[in-house]
Every structure is written in C-alpha cells, then in structure tokens.
Amino acid sequence: MKLKFTKMHGAGNDFVVIDGINQHIDFSPAQWQLLGDRRFGVGADQILLVEKPTEPGCDFRYRIFNADGGEVEQCGNGSRAFVKFVAEKGLTAQRSITVQTKAGVIAPRLELDGSITVDMGAPVLEPQRVPFDAEGLHGERQGEDTLWPLVLELGGARESVLISVVSMGNPHAVQIVDDVDAAPVELTGPLIEHHARFPNRVNAGFMQIVGRNHIKLRVFERGVGETLACGTGSCAAVVAGIRRGLLDSPVRVDARGGQLSISWAGVGQPVWLTGPAVTVFEGEIEI
C-alpha cells in the first residue's frame, strides 16, 4: 500500500506521524522497523500512529512504535508532535485535547506562541511499579529519593553506578554525571537498557546539574539508542533531581537537539512538559 506520512521532530527527537483514522493501518513489527530505518525507510526515532479512541472521554488514541519495531507506552516529545499534527490536519479544532495512550490518558495543549504543553501525569516512584527489581540491593537515601546501585559489566571489569528509578509511563534510570558531553552514553547506555533488573528494559538518562533550575541531559532510549532529546526522559530527570533536593521547579532542560521546560509540584502531582514541535515534510512510501 501507499502510506501517507508526515515527518516531524521535537527538539531533534524525530518522528514519522501517520493518520490511522483516514488510512487503514495494521503493520507488522518488521514494517514499523522499515519505516524507522534511516537508509531503507523514512527514518525516525519513533513512529506515531493517530487513531480513534477506544476509551470514552478521549479525543484520540496515540500509539508509539520504536525504530526497532516494538510498541512502547509513552513518548513526551512525540505527544507534542501529535497535537500539532491533528491540528494541522484538521482532525480537531480544539487547542486542548485528551489522548489515550498505552500508559494512560495525557492532555496536550497547543499554546498561542506555537509551543505545546503536555500534562504527562504523575510519575511512578515505587521501584516494583517502574518496574525495577531492587531485591537484595541496599539503596542510598538522598533527600526524598532512594539511589540504587546498578552493577555494569565492562569488558570483564565491574562498575557500579547510582541511579534513580522513575516511570513516566515508561521506565527510566537517571544518573548524575559531572560532564554530560564526556559521559559514556554509548558505552554504558546499552548495558543499562538491557540490565536484568529492568524486566521491560529501560531508558538510561545522564544528567548534569547546571543550576537549581537548569540541567543538561542525554538519554539512551530503549529500542532506539541515543536521541537528540527525550521528553519523558527530561520529565524523569527533573523529578529525580527535585526529589534529591538538587533542583527547583520549573527546570530548563538542554538536550542536544534543543530546550524543554519541565514543571513538577511534587509527589502525586502531574509533570508538565513544554517544548516545540516542528513539521519537516510530507510524503508517501510504498509499504
């Protein structure tokens, strides 16, 4: 079939966005993988599918497929692309919508200045719900957070890193580094992603504290690799930093692809993500 798509990005985190309301989409993991392939397909970190909701009270259903073809629960930068897409395509006239995701309902809003704000929901902080297997580990308390030692096997040597575990609908392991540009993201990111203590794999965040309202962040995303920005990763990092007593809301997040703003009022409260969404081009592909 000929598939119509839109290429978009949010702070460099790039997407293929597909209208699944006016096109019938029922692809295999291999077909999603082909779309995400930067040499043989369109190329993207994630493919986003817009569908009619299956839950009452929602305007749309939002499905996310990683470049490896696997479906995942949530994508913060993608949610901003999602709301811009449905507005530009005339699928809604509302500036605020409710969207059904695999991780629950989110509420993105198109601001008058063109930026998009998303209510990402309250973070999940209990290790077993992330999920993270903390059995046998001795956590180190810092502020309101518990840092967990994660042992990595590096070429026969063993290295332990201290992580915060947070779920924003998808799992994150956040560590603090002195210099994010020098952090061993490509080396240790895959080891953290596939660590046995994360049964569903995990996104690995590397956070540098610049000031109490400013961080730099790199994220090695499960099923994708390092991306230029990660919305849920930014939310998880800010939550971890606030709980450790190192950050105050709101926090500016400098990713390699751009800036995001994260606000969080504390446990039980939703995390608010604000940032850009850009349409790059429209196209068709035989799939």
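Trainee: Salt bridges to start. How many does the count come to?

Mentor: The count comes to 20 salt bridges. Remember that the model is predicted.

Trainee: Give me one. What does D14 meet in a salt bridge?

Mentor: The side chain of K7. The N to O distance is 3.3 Å.

Trainee: Are D14 and K7 buried or exposed?

Mentor: Both D14 and K7 are buried.

Trainee: Next, E51. Which residue forms a salt bridge with E51?

Mentor: R63 does. The closest N and O atoms of E51 and R63 are 3.5 Å apart.

Trainee: What about R109? Which partner has it in a salt bridge?

Mentor: E111. The closest N and O atoms of R109 and E111 are 2.9 Å apart.

Trainee: Why does R109 count as partly exposed?

Mentor: Because R109 has 29% relative accessibility.

Trainee: Which residues do shared partners join into one network?

Mentor: K7, D14, R38 and D45. Salt bridges that share partners join them.

Trainee: Switching to strands. What covers β8, and where?

Mentor: Strand β8 spans residues 116-119, and both of its faces are covered. I116 and V118 sit on one side, T117 and D119 on the other. These four are all buried.

Trainee: How many bridges join β7 to β8?

Mentor: Four. Strand β7 covers residues 104-110 and runs antiparallel to β8. A107 stands opposite D119 in β8.

Trainee: What do β7 and β8 form?

Mentor: A hairpin, with five residues between the strands. In the turn, G114 has a positive phi of about 95 degrees.

Trainee: And β18? How many bridges join β8 to that strand?

Mentor: Four bridges join β8 to β18, residues 271-275, and the two run antiparallel. V118 stands opposite L273 in β18.

Trainee: Now the surface. Which residues form a nonpolar patch?

Mentor: V278, V280 and F281. Together they have about 220 Å² of accessible area.

Trainee: Where does V278 lie?

Mentor: In strand β19, residues 278-286. V278 counts as partly exposed, because its relative accessibility is 32%.

Trainee: Last topic, aromatics. How many aromatic pairs does the count come to?

Mentor: Seven aromatic pairs. One of them is Y62 with F82, and that pair is tilted. The rings lie 4.9 Å centre to centre, with 50 degrees between the planes.

Trainee: Which parts of the chain does that pair link?

Mentor: Distant ones. Y62 is in strand β4, and F82 is in helix α2, residues 76-88. They are 20 residues apart.

Trainee: Is Y62 buried or exposed?

Mentor: Y62 counts as buried, because its relative accessibility is 1%. F82 is at 1% as well, so F82 counts as buried.

Trainee: One more. Which residues do ring pairs link into a cluster?

Mentor: F27, W32 and F65.

Terms used:
Residues are numbered from 1 along each chain as its sequence is written. This is a predicted model: local features need pLDDT of at least 70, side-chain atom pairs count only at pLDDT 80 or more; totals for chains, interfaces and linings use all residues. Side-chain values use heavy atoms; hydrogens and water are left out. A salt bridge is a side-chain nitrogen of Lys or Arg within 4 Å of a carboxyl oxygen of Asp or Glu. Buried means under 20% relative accessible area, exposed over 50%, partly exposed in between (1.4 Å probe, protein chains only). Two strands pair if DSSP finds at least two bridges between them. Patches are made of residues with over 30% relative accessible area and no salt bridge: like charges are joined within 9 Å, nonpolar side chains (Val, Leu, Ile, Met, Phe, Trp, Tyr) within 5 Å. Accessible areas come from the Shrake-Rupley method with a 1.4 Å probe; for residues, only the protein chains shown count as cover. Rings of Phe, Tyr and Trp (its six-membered ring) pair if their centres lie within 6.5 Å; planes under 30 degrees apart count as stacked, over 60 as edge-to-face and the rest as tilted.
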